[in-house]
Amino acid sequence: MAPNAFAPARLGALGLRNRVIKTATYEGMSPGGVPSDALVEHHRALAAGGVGMTTVAYCAVSADGRTFADQMCMRRETVAPLRRVTDAVHREGGAASLQLGHCGWFTKNAALSTWFPRGPSLTLNQYGLSAGKPLALAMNEGEIAQVVEDFGRAAGLAREAGFDAVELHLGHGYLLSQFLCPATNRRSDAWGGDLGGRARLPLGVLRRVREVVGPGYPILCKTNLRDGFRGGLELEDSVGLAKLLEAEGADALVLSGGFTSRTPFYLFRGRRPLAEMIDAEKSPLQKLALRWFGKKVIREYPFEEMYFLPQAREVRRAVQMPLVLLGGIVSRENVDRAMLEGFDFVALGRALIADPDLVRRMESDPGARSRCTHCNVCVAEMDRGGVRCVLDGPRPA
Ligand SMILES: Cc1cc2nc3c(=O)[nH]c(=O)nc-3n(C[C@H](O)[C@H](O)[C@H](O)COP(=O)(O)O)c2cc1C
């Protein structure tokens with residue numbers, strides 16, 4: 001029988017009050033890299049709204065792992081402000097996870113310690129053009145070893161900050177995903193080639209994080225089912241990756257897709273908010289590029305409820321470990337269906353940005369559904385004073 005999504009569940013050694021997770025959605029609430037009061041309130045409200053676990057988004061494991069200069073980065077000084085977030089979430093009866101990532105070459109951060117950003121292989125970085133970072137170099141052995149150490153150190157600090165779990169970002173075209181993707185990892189050494197070679201860094205990161213946090217502490221991995229472009233990671237390899245991560249002791253996989261530099265809206269589906277993206281863009285050069293080439297390079301994908309389900313089923317068939325279904329889950333009906341399909345948890349992004357109290361409503365009303373229209377303005381404007389739903393009306397001055 002399918003589990004009740006609204007009854008307590010276990011993730012590793014952690015007890016959760018239900019099986020609904022707020023997935024990582026970049027909050028834009030860490031000016032200067034410091035978690036703000038707004039971030040505390042954002043996650044408190046989600047916990048008050050009933051989520052089993054909320055995920056604080058996209059924390060870089062090192063200063064050079066940031067996509068934007070204002071992004072949160074795990075340092076000792078970040079622990080105290082993050083402790084305020086986890087305390088607030090715990091007081092509301094929820095659990096908190098921290099998403100840890102490294103952007104690789106996908107950066108527009110001018111304040112890097114090296115002139116060129118680093119990734120698996122030499123590449124152009126159009127996204128970094130306005131920051132004077134249009135080219136990225138291949139990492140050497142020392143730099144790869146440093147990334148592994150940085151993930152371990154950041155996970156240790158996350159635990160110190162009171163997080164109940166960490167989520168390693170292996171998807172969406174950031175560093176670990178760049179290593180996994182055949183088109184962006186053209187290395188001929190032990191860190192490239194077949195899936196075993198391309199997965200060596202992500203698996204090394206997982207191993208190191210496990211050493212630091214110890215057994216039982218939940219480590220989730222957010223992975224791509226498909227990158228969404230020719231030459232990218234395909235389902236066959238993502239199923240293989242799931243088996244490798246299961247064998248290495250990951251506690252759960254959050255199944256996503258898309259490559260931010262190539263197929264950003266493969267992640268989200270729904271409306272392409274080009275006008276709002278142009279409006280929100282701070283760099284005049286990037287604004288112009290979006291105006292001229294936006295329609296051509298940013299493809300639109302129609303929204304469907306539970307849009308990753310068909311591909312996620314293939315992973316479900318291949319592994320026994322807990323799986324989190326993500327992508328277009330907007331209603332109690334979707335949540336029940338995910339349980340019937342054999343998924344252990346569901347993760348919701350936009351539906352909970354629109355309706356932070358949705359889980360409480362879903363618990364008592366089988367007809368409950370989010371008001372989100374997948375207009376994706378929250379995506380276009382996330383870095384404009386904090387992520388929010390446009391249906392709430394104009395942003396307060
Ligand atoms: C405003 C916004 C910001 C996002 N930022 C992140 C992020 O920092 N890290 C991440 O892994 N995914 C991010 N995502 C993607 C979501 O985690 C999720 O994969 C996607 O929104 C699909 O889920 P949904 O249909 O429930 O919204 C973001 C999504 C939105 C809407």
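Axes here are lines fitted to C-alpha atoms, for helices over the stretch in contact, and angles run from 0 to 180 degrees between N-to-C directions. With that in place, α7 lies across β10, residues 219-224, and β11, and runs at about 170 degrees to β10. One caveat before going on: this is a predicted model.

Now the sheet. Eight strands form a closed barrel in the order β3-β4-β5-β9-β10-β11-β12-β13, with parallel pairing. On average, neighbouring strands of this sheet are turned by 25 degrees against each other, direction ignored.

I'll go through a few of the pairings. Strand β3, residues 20-22, runs parallel to β13, residues 345-348, and three bridges join them. One of the residues involved is K22, whose bridge partner in β13 is L348. β3 also pairs with β4 in the parallel sense, over two bridges. There, I21 stands opposite M53 of β4. β4 in turn pairs with β5, residues 95-101, again in the parallel sense and over six bridges. In that pairing T55 stands opposite S97 of β5.

How many residues of strand β4 are buried? Eight of the eight, residues 53-60, so β4 is largely enclosed by the rest of the structure.

Next, T23, which sits in the loop between β3 and α1. Is T23 buried or exposed? Its relative accessible area is 5%, and the cut-off for buried is under 20%, so T23 counts as buried. Setting aside neighbours within four places in sequence, T23 is in contact with T55, K222, L326, A347, L348 and G349.

On to helix α10, residues 309-318. Its buried residues are L309, Q311, A312, V315 and R316. They cover an arc of only 160 degrees around the axis, which puts them on the same side of α10. As background, an α-helix has 3.6 residues a turn, so residues three or four places apart point the same way.

Last item, the second largest pocket. About 300 Å³ of space lies in it. The lining has 16 residues, and those nearest the centre are M29, H42, P356, V387 and R388. Two elements give two or more residues to this lining: α1, residues 37-48, and α12, residues 350-354. The largest share, five residues, comes from α1.

Terms used
Residues numbered from 1 in each chain as written. Predicted model: local features only at pLDDT ≥ 70, side-chain atom pairs only at ≥ 80, totals over all residues. Heavy atoms only, no water. Buried < 20%, exposed > 50% of the residue type's maximum accessible area, 1.4 Å probe, protein only. Helix = DSSP H or I, 4+ residues; strand = E, 2+ residues; numbered from the N terminus. Arc of directions from axis to C-beta. Pairing = 2+ DSSP bridges. Contact = heavy atoms within 4.5 Å. 1 Å grid on protein atoms, 1.4 Å probe; cavity = no way out; pocket = protein on both sides within 12 Å on 5 of 7 lines; lining within 4 Å. Points joined across faces, edges and corners; volume = space filled by probe spheres on them.
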